[in-house]
Amino acid sequence: MRYTLASMDTSAAEGARFQFASDQSLLVYFGHRITLQAHERVRKLLRLLELEPVTGIRNLHPAYCSLLVKFDALRMGHDELEAILRKYLERLEEVTLPSPRHLEIPVSYGGEFGPDLGEVAAMHGLTPEEIIELHASVEYLVYFLGFVPGYAYLGELPEALVTPRLGAPRRRVPAGSVGIAGTQTGVYPFATPGGWRLLGRTPIAMFRPDGDSLSFLSIGDRVRFVPISPGEFAALERK
Amino acid sequence: MRVIQVQAPGLLTTVQDLGREGFGPMGVSPSGAADPNAMRIGNRLVGNAEGAAGLEMTLLGGTFAFPEGAVLALTGSDFAATMDEKPVGLWMSFEARAGQTLRLGPTRSGARCYLCVRGGIEVKDFLGSASTHLLSGLGGLEGRGLRKGDVLKIGEANGSYRRGTLAANALERLSARKTLRVTPGPQGEWFPEASRRLFYSCAYRVAEETNRMGIRLRGEAIPMSSGGAGHEEIGRNASPTAGAGEMISEGVSLGAIQVPEGGLPIILFVEQQTTGGYAKIANVISADLSSLGQLRPRDEVRFERVDWETACSLLIEQERWLASEELIVK
């Protein structure tokens, strides 16, 4: 059965594993752990496929340690695509990634913007101020954009801030909300349902369809959160 | 300039085409018609390119006036259309004379009806497509469903056009399937044998809160572990310490059937999230994706497993048939 063969087949050369995801998509896994090395390989394969597009590939969905490749099933099959991708994988070493951008996201923490700040502080036996300090203390990596347009998966949180997500997700999280879940943090670009614990909100539009670059953040960026007052939030929002 | 005046929008009517592919790296899913086959045929009936923008109506249709007239076609489900009180047929091109009004009612068959207009509907493109993406408020007309009083521009038609009707023998092939054919999902083998058997033997009902992002199902919960202990760890562990066999968020494909905590499957649909952290037990085959667009709340569906070769040949066969000249009788 082709399914089992494909899922068993591991390429020792690149450590990549191929898995049929649907009749028009193929998953490439770089291990099953979130590591910087896996992230870099995802980015390099993504970049190579963007620089030298393959006819018949219709879409790419990067994630922590995998890349989903959607293809035109009328033009090619899984095996043919896998053979092409293996050739690309052999060339990953020659791909240079642009040096990361360092960006800041202003956040007004607590109050109506961060309804879970108090509870998160209580869970860790810290004060809300200490939680804010922790969240703003490190530079995060944009592992990938996914879920909805412009949603950046940022990691890792300082260990003292690692918190499980909400038991029951909220039906509506306002746009700009800054949340944490597990070791991750992120900003909701749109009002959506969501299960991350909300610490604050940014006035920055994370995804602007009329801007030069649609998404404020890109894969591989480095990001810091900068605490601002509700007054500064209002001023920035008016801009 | 020809226009469509929206006198009543219906329950949820959006501008759609065949979607925008290629923006997954930004988290943007394609969107586009929920029943692309119906939209493609509608466009062919009015002499448009298959991917021209038209209107997608949901469960209850709208009322539209054509002050300068238009060449139209309705495809998909039967929404009891009338033009100035006279019934109008599905799957055929027809003309609205200047000043006529097209009225649609509640569905008499599936979930969606398409209104295609010769020249297409002109809206500002977003990433190369007219499709509305409701969740993000992008594309289509201001990223939203139509409202009373909206005025839509009809594009310039080019090329020749002759009135056409769908071939009689095509209707049966277009009827929406309630037994959806699937291939195994990328985590299909994570589910115990008993869970998989349950999934393939049970009937599920489409839940009320189904939308263009996902089709939620009600019925037998699918246990992840043989003990039926639930799904506490699934989808929660996007952590660096997650070991092999634990779920880390990954790219998800259209028609993926994910099993979240609680065990009730969700089929990811046209406005899908681009990545997700739940295990996927199966994936609806490409040839059956249009059928998903016609599922109504409370409809009963079942899943039937097919092999990869069958999925592929069913798609090739469907495409050949959709592209054939005989499909439309002039």
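This is a predicted model: local features need pLDDT of at least 70, side-chain atom pairs count only at pLDDT 80 or more; totals for chains, interfaces and linings use all residues.
Strand β10 of chain B covers residues 112-117, and six of its six residues are buried. If you look at the strand from either side, you find that both faces are covered, with B:R112, B:Y114 and B:C116 buried on one side and B:C113, B:L115 and B:V117 buried on the other.

As a general point, nonpolar side chains in soluble globular proteins tend to be buried together. In this model the largest nonpolar core has 151 residues, and those that touch the most other members are A:L26, A:V28, A:V69, B:L72, B:Y114, B:C116 and B:V117. To take one of them, A:V28 is in contact, beyond its neighbours within four places in sequence, with A:A16, A:F18, A:L45, A:S66, A:L67, A:V69 and A:L85.

Now let us look at two loop residues in chain B. Where is B:L146 placed, and is it buried or exposed? B:L146 sits in the loop between β11 (121-122) and β12 (151-154) of chain B, and it counts as buried because 24 C-beta neighbours lie inside 10 Å, where 20 or more are needed. Along the chain B:L146 and B:T14 are 132 residues apart, and yet their C-alpha atoms are separated by 6.0 Å. Leaving out neighbours within four places in sequence, the contacts of B:L146 are B:V6, B:P9, B:T13, B:T14, B:G62 and B:L141.

The other residue, B:M92, belongs to the loop between β7 (86-87) and β8 (93-96) of chain B. With 17 other C-beta atoms within 10 Å, B:M92 is partly exposed, since that class lies between the 12 or fewer of an exposed residue and the 20 or more of a buried one. B:M92 is 19 residues from B:A73 in sequence, while the C-alpha to C-alpha distance between them is 5.7 Å. Its contacts, again apart from neighbours within four places in sequence, are B:L45, B:A73, B:T165 and B:L166.

Stepping back to chain B as a whole, we count five helices and 23 strands. The radius of gyration of chain B is 21 Å, close to the 20 Å that the globule rule gives for 330 residues, so chain B is as compact as a globular protein of that length. Its C-alpha atoms fill a box of roughly 65 × 40 × 30 Å along the principal axes, and 53% of its 330 residues count as buried. Among the contacts in chain B between residues at least 6 apart in sequence, 76% join residues at least 24 apart.

Next, the domains. Chain B is divided into domain 1 (3-166) and domain 2 (179-323), whose C-alpha centres lie 29 Å apart. Their contact takes 23 residues from domain 1 of chain B and 14 residues from domain 2 of chain B. On the domain 1 side, helix α1 of chain B (residues 36-45) gives the most, with four residues. Chain A is likewise divided, into domain 1 (2-94) and domain 2 (102-238), and 30 Å separate the centres of these two domains, taken over C-alpha atoms. Here six residues of domain 1 of chain A are in contact with five residues of domain 2 of chain A.

Finally, the two chains meet in a contact that takes 41 residues from chain B and 47 residues from chain A. On the chain B side, β14 (179-184), β17 (250-251) and α5 (308-323) each give two or more residues, and the largest share, six residues, comes from α5(B). By class, that side of chain B has 20 nonpolar, 17 polar and four charged residues.

Conventions. Residues are numbered from 1 along each chain as its sequence is written. Chains are lettered from A and ligands numbered from 1 in the order in which they are written. Domain bounds come from an automatic or database domain assignment. Two residues are in contact if their C-beta atoms, placed from the backbone, lie within 7 Å. Ala, Val, Leu, Ile, Met, Phe, Trp, Tyr, Cys and Pro count as nonpolar, Asp, Glu, Lys and Arg as charged, and the others, Gly among them, as polar. The radius of gyration is taken over C-alpha atoms; the globule rule is 2.2 Å times the number of residues to the power 0.38. A nonpolar core is a set of buried Ala, Val, Leu, Ile, Met, Phe, Trp, Tyr and Cys residues joined through C-beta atoms within 7 Å.
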